[in-house]
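Q: I have a structure here that is new to me. Can we go through it step by step?

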Amino acid sequence: MDQIQHKFVEVQGLKLHVAEIGTGPNVVVFLHGFPEIWYSWRHQMIALAKARFRAIAPDYRGYGLSDPPPEPEKASLRDFIDDLLGIIDALAIPKVFLVGKDFGARPAYLFGIIHPERVLGIVTMGVPYLPPGPSEHRKHLPEGFYILRWQEPGRAEADFGRLDAKTVVRNVYILFSRSEIPIAAENQEIMDLVDQSTPLPPWFTEEDLANYGALYEKSGFRTALQVPYRSFGEEFNLTDPIVKQPALLIMGSKDYVYKFPGIGDFINSGKVKEFVPKLDIVFLPEGTHFVQEQSPEEVNQLILNFLAKHI
């Protein structure tokens, strides 16, 4: 971990934090999900640097050590995509591979569509490519579905506000590590779904939690609730929503996202390949939502094999 270097890159008037390790012309940029941060890629960054890749992991605006946007409630996924372009431009990197986890899959794929000349390949974990537009699966889930709750202005703020940032991250990690979709009862909040005696997943240490807790203590959750949860319907007006680059989807068979209505069929039927024709899909039988932290050696090898095929 000590080998990972940290810098700030100024983009659109904000100082964005970037973690980096390794040298060479072949660059991989990692895009985190929620409640993650650059730190969630620690295992992959070190492995790729040893394999002579340059590994870069930014914190999105409003996350971790990056500056918050002036009005977090107006942040958009388009901002994150523009920030990514600004980062690789500032670092004078002509082309990159992108690796996205959870909602980080969205900026990875959309960046590849909007800036195809800059992207050599895309790896995502936990979330397939879903074309921009209204999401159907949320219509089929009850009011207590965690995304619906977190989209409601003020509700997550009140729920999270009862706890310190470290406890919020702890609870979400435990919830998202399960194979069931987090759904609260009518008079229950999402944070109440986790008993405080529940242990952390075995692959997630107290030291890891302390690192996440400190970063979210600094940033808070205002931007994180806006993007992704309150910006899902954002329009991009793409003339062609097809991903042309080679891609790899790594999916845990026990990932709760796989149980979202329609997602399993979308992947298994091959319909996802109508939008990502050069897609390979790998299932990890014991994998949950955090495969890159749960099974780092297996995920590292899958990424390295993909990179070797497409350099």
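Q: What should I know about the numbering and the model before we start?
A: This is a predicted model, where local features need pLDDT of at least 70 and side-chain atom pairs count only at pLDDT 80 or more, while totals for chains, interfaces and linings use all residues. Residues are numbered from 1 along each chain as its sequence is written, and side-chain values use heavy atoms, with hydrogens and water left out.

Q: OK, charges. How many salt bridges are there?
A: The count is 23 salt bridges. The term stands for a side-chain nitrogen of Lys or Arg within 4 Å of a carboxyl oxygen of Asp or Glu.

Q: Which residue does R54 pair with?
A: R54 forms a salt bridge with E20, and their closest N and O atoms are 2.5 Å apart. This pair links distant parts of the chain: R54 is in strand β4 (residues 54-58) and E20 in strand β2 (residues 14-21), 34 residues apart.

Q: Where do those strand labels come from?
A: Strands (E, at least two residues) and helices (H or I, at least four) are DSSP runs, numbered from the N terminus.

Q: Are R54 and E20 buried or exposed?
A: Both R54 and E20 are buried. Buried means under 20% relative accessible area, exposed means over 50%, and partly exposed is in between, with a 1.4 Å probe and protein chains only.

Q: What about D208, which residue does its side chain meet?
A: The side chain of D208 meets that of R42 in a salt bridge, at 3.2 Å from N to O. D208 and R42 are buried.

Q: And R230?
A: R230 forms a salt bridge with E157, the closest N and O atoms being 2.8 Å apart. R230 is in the loop between α8 (222-229) and β7 (247-252), and E157 is in helix α5 (residues 155-161), 73 residues away. R230 is partly exposed at a relative accessible area of 23%, and E157 is partly exposed at 33%.

Q: Switching to rings. How many aromatic pairs does the structure hold?
A: It holds 40 aromatic pairs. Rings of Phe, Tyr and Trp (its six-membered ring) pair if their centres lie within 6.5 Å; planes under 30 degrees apart count as stacked, over 60 as edge-to-face and the rest as tilted.

Q: Why is the pair of Y39 and Y212 edge-to-face?
A: The planes of Y39 and Y212 are at 85 degrees, with ring centres 5.5 Å apart, so the pair is edge-to-face. Y39 lies in the loop between β3 (27-31) and α1 and Y212 in helix α7, so the pair ties together parts 173 residues apart in sequence. Y39 is buried at 4% relative accessibility, and Y212 is buried at 0%.

Q: Where is I56, and what does it touch?
A: I56 is found in strand β4 and is buried, with a relative accessible area of 1%. Leaving aside neighbours within four places in sequence, I56 is in contact (heavy atoms within 4.5 Å) with residues including V18, E20, V28, F30, M45 and L91. I56 and P70 are 14 residues apart in sequence and 25 Å apart in space, C-alpha to C-alpha.

Q: Which peptide bonds are cis?
A: Among them is the bond from F34 to P35, with omega near 10 degrees; P35 lies in the loop between β3 and α1. A cis peptide bond also joins V227 and P228, with omega about 25 degrees, and P228 is in helix α8.

Q: What is the phi of D102?
A: D102 has a positive phi of about 60 degrees although it is not a glycine. Most residues other than glycine have a negative phi. D102 lies in the loop between β5 (96-101) and α3 (105-114) and is buried, with a relative accessible area of 7%.

Q: And N237, buried or exposed?
A: N237 is exposed, with a relative accessible area of 68%. N237 lies in the loop between α8 and β7, and its phi is near 50 degrees, a positive value in a residue other than glycine.
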